[in-house]
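Dear colleague,

I am handing over a structure to you with this email, and my notes on what was found in it follow below. Please keep it open beside the text while you read.

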Amino acid sequence: MRVKTDNLDARTDLAVHGVRWDAPVRRSKGAGPSDDGHLVVDGANAALPLNPDSPYTLRDGRVYKGRIDLGLTVEPVSRPKFYDLTTADGVPYRKIALLHGRDVLATTVVQTCIRYAEDQRCRFCTIEESLKAGDTVAAKTPAQLAEVAEAAVRLDGVRQMVMTTGTTAGPDRGARHLVRCVKAVLDAVPGLPVQVQIEPPGELSVIADLRAVGATSIGIHVESLDDEVRRRWMPGKGSVPLAEYEAAWDEAVRVFGRNKVSTYLLIGLGEDPDELVDGAARLIERGVYPFVVPMRPMAGTLARRDGVPGPRASLVRDVSERVAKLLREADMRGADQEAGCAACGACGVLSAAGA
Ligand code: SF4
């Protein structure tokens with residue numbers, strides 16, 4: 001039976017409840033949202049949690065809830081050819097970078113984090129779990145990343161790259177290594193849009209260095225603007241004062257430009273939704289794109305261990321719709337960032353909501 005659905009309702013439900021599906025391209029653990037399968041829903045990238053208890057299944061290029069066809073087309077992302085290759089120094093490419101959606105290459109250049117002790121780590125993060133599972137290597141060299149990026153563009157039509165990093169102990173918090181990585185990748189693949197993701201660095205000058213080597217856009221991810229929520233969910237990272245984020249965002253907007261800077265805001269950390277939307281409005285005024293996404297209590301997180309549920313789909317829809325409206329009014333579209341999570345959009349529903 002086919003029913004006409006509200007597309008945004010269905011997309012939100014899928015983002016929260018995921019799908020029952022054996023995905024050919026998936027991430028099991030790692031930095032950021034993961035434990036998901038990658039597909040294209042109604043023409044847009046979608047990274048959906050793989051959930052054996054989900055009411056949603058995929059069949060014949062459609063999404064079903066039980067026997068009901070929701071009226072959404074779906075296309076699985078195929079396993080890319082570059083996954084079968086190995087670097088000159090003997091590391092499978094798949095351990096260096098992964099395909100996200102149909103055309104995003106993503107890597108965590110340093111897979112460890114100084115904040116990963118149990119009493120410090122972000123309760124939604126599993127950055128070191130993929131390392132423990134042997135799915136990746138602790139540090140990727142600029143040469144390895146250049147080799148993999150060149151192949152992924154040539155063989156699999158990758159159109160943008162995201163480089164994130166675990167926080168390191170130096171004052172740059174990992175940003176200097178990203179400078180070397182971006183330079184090597186762009187020497188190998190000139191013109192590839194690359195987004196870098198960093199914590200506010202102690203030395204703000206590294207932001208200009210990232211731009212100077214050719215990064216297109218930058219994510220400086222705060223996850224919440226509520227200090228009480230930050231202390232509860234991110235004891236380590238939450239100790240960085242919001243003033244440091246504000247200084248880093250402002251410098252990034254100065255160097256990269258308006259709407260080339262983004263931050264994650266997570267829905268489902270217990271923050272008042274009106275305050276979350278007000279905070280998003282303040283970010284937009286600064287020129288920073290607030291990428292609002294549902295918190296995923298993925299396997300391996302402290303949230304999952306402690307039985308914390310993900311947010312209700314109705315809350316995700318409400319916040320995403322309100323933030324999408326603010327973004328449209330400010331003429332800030334994720335796609336205009338060219339590279340990065342806001343440009344990809346797969347982990348949230350902002351693009352389905354028109355931003
Ligand atoms: S939104 Fe970001 S983390 Fe999610 S699939 Fe896209 S690039 Fe990857």
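A residue is called buried if its relative accessible area is under 20%, exposed if that area is over 50%, and partly exposed in between, using a 1.4 Å probe and protein chains only. Please bear in mind that this is a predicted model, in which local features need pLDDT of at least 70 and side-chain atom pairs count only at pLDDT 80 or more, while totals for chains, interfaces and linings use all residues. Residues are numbered from 1 along each chain as its sequence is written, and side-chain values use heavy atoms, with hydrogens and water left out.

Let me begin with the aromatic rings. Rings of Phe, Tyr and Trp (for Trp, its six-membered ring) form a pair if their centres lie within 6.5 Å, and the pair is stacked if the planes are under 30 degrees apart, edge-to-face if over 60, and tilted otherwise. The count by this rule is four aromatic pairs. One of them joins Phe 82 and Tyr 83 edge-to-face, with 4.9 Å from centre to centre and 85° between the planes. Phe 82 counts as buried because its relative accessibility is 0%, and Tyr 83 counts as buried because its relative accessibility is 6%. Phe 124 and Trp 233 form a stacked pair, at 6.3 Å centre to centre and with 25° between the planes. This pair links distant parts of the chain, since Phe 124 lies in the loop between S8 and helix H2 (129–132) and Trp 233 in helix H6 (residues 227–233), 109 residues apart. Helices (H or I, at least four residues) and strands (E, at least two) are DSSP runs, numbered from the N terminus.

Next comes the sheet. Two strands pair if DSSP finds at least two bridges between them, and seven strands form an open sheet in the order S7-S8-S9-S10-S11-S12-S13, with mixed pairing. Its edge strands, each pairing on one side only, are S7 (98–100) and S13 (288–294). Strands S8 (residues 104–108) and S9 (residues 160–164) run parallel and are joined by five bridges, and Thr 108 has Thr 164 in S9 as its bridge partner.
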